[in-house]
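This report describes strand pairing, cores and chain contact in the model shown below.

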Amino acid sequence: MIKTVLGRELPAYIEGYGEVKPFQGAVSNERIKTRKAVKLTSVIPRDQKVLASLDQALDKLNIIDGMTISFHHHLRNGDHVLNMVLEALAKRGIKNLTVAASSIFPIHAPLVEHIKNEVVTGIVANYMSGPVPEAISRGELKKPALMQTHGGRPRAIESGDLHIDVAFIAAPTADTYGNINGVEGKSACGALGYAVSDAEYADKTVVITDNLVPYPACPIEISQVFIDYVVQVESIGDPRGIVSGTTKITKDPVALLIARMAAQVIQASGLIKDGMSFQTGAGGTSLAVAAELKDIMKREGVIGSFAAGGITGYLVEMLEEGLFRALFDVQCFDLEAIKSYRNNKQHQFMSASMYGNPHTKGAVVNNLDIMILGATEIDIAFNVNVTTGSDGVIMGGSGGHSDTAAGAKLSIVVTNLMKARLPIIKDKVTTITTPGESIDVVVTERGIAVNPRRVDLIEKLRKTELPLLTIEELKLKAEKITGVPKAIKTSDKIVAVVEYRDGSVIDVVRMVD
Amino acid sequence: MQKLRRTMLFMPGNNPGMLQDAAILGADAIILDLEDAVSLTEKDSARILVRDAIKYIDYSQVEVVVRVNPLDTEFGPQDVDVIARVKPDTLLVPKADVEEIKLVDIMLAKIEEEEGYLVGSIKIIALIETALGLETVYEVIKASQRMVGVLLGGEDLTADLGITRTKEGEEIFYARNKVATVCRALRVDAIDTPFTDTNDYEGLTKDTARAKSLGLTGKSAINPRQIEIIHAVFAPTEVELKQALRVLAAMEEAEKEGKGVFSLDGKMIDAPVINRARTTVELGQRLGLIER
């Protein structure tokens with residue numbers, strides 16, 4: 001066994017994963033990196049890229065047992081493409097595939113059957129919810145699943161750590177030579193930031209579209225130089241599932257209270273000034289922080305430089321009101337965001353690599369002042385779990401959590417102190433997703449705890465009326481109401497490996513007994 | 001210092017989640033409700049839930065008020081008996097009249113003695129929601145030394161009067177006047193009826209401002225989102241605060257010079273003006289609007 005710098009014990013070698021590089025800290029000193037070379041088949045004049053059907057594409061692609069195929073998650077819970085491709089491959093009797101999907105949603109439930117039949121024996125994802133992670137948590141996947149981050153995935157692809165044999169790229173609009181965008185078509189989903197590394201580094205790339213247009217399709221988000229084939233299908237997704245439903249500001253009084261306090265923390269930190277930058281999730285409480293921040297910015301006449309991330313209509317409103325000079329958009333969460341991304345040149349596209357890849361010449365997360373994050377659990381060392389539930393079952397994953405936390409000057413976790421009768425602050429989190437060194441403040445409805453590393457911030461918050469406590473005091477406050485829950489029992493079997501953004505292993509998920 | 005009762009937030013007594021979070025929502029007082037919010041079949045369990053909530057949850061930052069059922073129902077006396085033993089700050093007594101307040105006062109004294117609490121430590125707020133209660137509100141307040149305020153119940157009152165309740169509230173103009181005047185005379189708080197459209201913030205602001213202008217000192221709320229708006233209306237304005245500070249400064253100056261009566265901006269400043277200035281400054285200090 002080896003140990004991470006956070007004290008987690010890990011095997012030195014994990015069957016189905018390989019050698020383990022234990023997590024050594026959020027920022028590495030080894031800064032010289034290499035991108036892999038890509039082998040490709042050049043397309044010569046008069047070659048045709050459009051194929052008649054998915055089956056014809058599969059004939060040409062020569063997919064064999066053991067390959068890795070990739071997908072992006074821009075169609076979210078409306079995605080038809082992953083299921084469509086796997087069904088076709090299963091029919092062909094292909095086995096032992098690794099599915100590298102940037103995220104997996106409940107709509108991908110048919111994957112469970114493919115896992116049982118060993119059509120799929122490996123899964124790589126940044127975020128998973130629904131029946132697939134439940135099956136993985138029950139130990140049904142042959143190899144441990146690999147959980148990455150939004151920035152860690154392009155890092156792994158570009159370095160060659162994650163080799164993609166075939167990338168299947170769902171495209172709301174494509175032309176006959178493989179130029180694609182996400183802003184036109186009946187399945188429009190906006191920015192296609194998570195598909196970029198796949199297109200650039202996979203051995204073969206296939207565009208799957210339900211809106212094939214004459215050449216050229218403008219705007220071009222991912223260009224023809226990366227695309228081998230184009231296939232038209234009836235439907236790549238269900239628009240109702242593509243647009244996320246969680247982009248409304250909450251009315252829950254406790255969540256609003258938390259948001260109010262988080263905004264006061266930001267104000268006390270001194271970061272609300274011209275040129276400030278900000279990112280938040282699309283969840284109710286996070287979005288409520290944006291609303292509070294908006295009020296403060298307006299009141300003080302502050303103009304920020306940018307807001308980033310998955311973009312919601314709310315952030316678009318802030319851009320249009322002149323509160324930010326630009327938006328950096330890796331994916332759009334709603335129709336307002338898609339429309340703005342299509343029409344406003346200040347609404348800037350970014351690839352996942354540009355967003356969060358630590359091994360580049362600078363990701364956008366490095367320019368973030370303020371980041372608002374969620375947490376399923378947080379421990380007294382400020383480590384955060386957003387990967388597993390308190391029952392030990394996988395129900396999420398980092399997404400951009402550890403990337404943004406590492407980059408931002410001020411990372412704030414907003415959470416209820418208790419959820420469903422359980423305390424959120426623990427001695428040790430079930431799974432470490434994001435290391436405590438990247439988390440500066442935890443804001444709950446019953447008090448605020450600042451990471452002791454941030455002496456400067458503690459000084460500033462002491463001057464306010466905000467209820468400042470130590471994280472231990474906050475933990476006791478919850479336990480006084482809820483009691484201390486019994487620890488869950490896990491077996492030795494590792495069902496998932498949690499990779500930090502740099503490719504080191506920060507934790508593993510063990511099967512629950 | 002006297003308790004602030006700008007907002008009293010109604011919380012259903014049968015909802016564990018709401019009871020858990022009631023104290024942190026920013027209201028000056030919370031009213032844990034055993035009466036209208038609780039159906040007949042849940043009266044017993046709500047009573048136990050509220051009792052245990054008061055026992056185990058830290059409500060130290062708010063005034064805990066429990067609305068018991070009317071004493072002439074089978075639940076009211078039991079409510080008082082069970083709840084008083086865990087010593088809430090205050091009981092809110094519905095359909096209040098002189099007889100009922102006297103009865104509750106006696107019951108409380110007995111329980112306080114049995115439990116070893118200081119007799120008189122549990123306070124009472126009368127819920128005035130009948131024509132009789134309104135017309136006898138002076139006597140109702142006089143009926144017990146425990147009385148710290150009156151809450152006007154507009155819905156039940158208009159029902160009793162057989163008139164229509166409207167958003168504009170013209171129909172309770174007299175009731176608000178009466179309650180405000182009597183409460184001021186007897187130096188207890190006058191709490192306004194809740195504004196029931198929880199999504200109409202503009203309407204709430206107007207309704208609260210009207211209540212304040214008639215002399216009511218606080219307002220009940222039925223949704224946490226109403227609290228901030230009510231507080232904003234009851235907070236002294238910057239102009240009011242500045243003027244109050246000037247009055248007090250002029251008073252100090254006059255005292256130094258040994259003047260009994262003095263004027264400011266050509267107007268005579270007398271005791272009521274000084275008292276009003278003191279109240280305003282004190283409220284401003286408590287709300288953190290000015291330094292102590």
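## Strands, cores and contact

Strand β13 (residues 173-175) of chain A runs antiparallel to β14(A), and two bridges join the pair. One of the residue pairings involved puts A:T173 in β13(A) with A:N181 in β14(A) as its bridge partner. The model is predicted, and local features are described at pLDDT of at least 70. Both strands belong to an open sheet of three strands in chain A, ordered β14-β13-β16, with mixed pairing. Because β14 (180-181) and β16 (212-213) of chain A each have a single partner strand, they stand at the edges of the sheet, and one side of each is left without a neighbour there. Strands of a sheet pair through backbone hydrogen bonds, in either the parallel or the antiparallel sense.

Further along chain A comes strand β20 (residues 324-332), which is mostly covered, with seven of its nine residues buried. β20(A) pairs in the parallel sense with strand β19 (residues 304-311) of chain A over seven bridges. In this pairing A:I311 stands opposite A:C332. Between β19(A) and β20(A) the chain passes through helix α10 (residues 313-320) of chain A, in a right-handed β-α-β crossover. β20(A) also pairs with strand β21 (residues 347-349) of chain A, again in the parallel sense and over three bridges. Here A:F328 stands opposite A:Q348 in β21(A). The chain gets from β20(A) to β21(A) through helix α11 (residues 335-343) of chain A, and this β-α-β crossover is right-handed.

| Strand pair (chain A) | Sense | Bridges |
|---|---|---|
| β13 and β14 | antiparallel | two |
| β19 and β20 | parallel | seven |
| β20 and β21 | parallel | three |

Turning to the cores, the largest nonpolar core has 237 residues, and those with the most contacts inside it are A:I169, A:A262, B:I30, B:A126 and B:V150. Helix α8 (residues 253-269) of chain A gives the most to this core, with 11 residues. Leaving aside neighbours within four places in sequence, A:A262 is in contact with A:V289, A:I372, A:I412, A:V414 and A:V443. A second, separate core has five residues, among them B:L241, B:A244, B:V247 and B:A277. In soluble globular proteins, nonpolar side chains tend to be buried together.

Chain B is divided into domain 1 (7-234) and domain 2 (238-286). Taken over C-alpha atoms, the centres of these two domains of chain B are 34 Å apart.

The contact between the chains takes seven residues from chain A and eight residues from chain B. On the side of chain A that touches chain B, α8(A) gives the most, with three residues. The residues of this side of chain A divide into four nonpolar, no polar and three charged.

Is A:V5, with its 14 C-beta neighbours inside 10 Å, to be counted as buried, exposed or something in between? A residue is buried at 20 or more such neighbours and exposed at 12 or fewer, so A:V5, with 14, counts as partly exposed. A:V5 lies in the loop between β1 (2-3) and β2 (9-10) of chain A. Not counting residues up to four places away in sequence, A:V5 touches A:F23, A:Q24 and A:G25. A:M318 is 313 residues from A:V5 in sequence and 40 Å away in space, C-alpha to C-alpha.

Conventions
Residues numbered from 1 in each chain as written. Chains lettered and ligands numbered in written order. Predicted model: local features only at pLDDT ≥ 70, side-chain atom pairs only at ≥ 80, totals over all residues. Helix = DSSP H or I, 4+ residues; strand = E, 2+ residues; numbered from the N terminus. Pairing = 2+ DSSP bridges. Right-handed = clockwise from strand over helix to strand, strands pointing away. Core = buried A, V, L, I, M, F, W, Y, C linked by C-beta atoms within 7 Å. Contact = placed C-beta atoms within 7 Å. Domains from an automatic or database assignment. Nonpolar A, V, L, I, M, F, W, Y, C, P; charged D, E, K, R; others polar.
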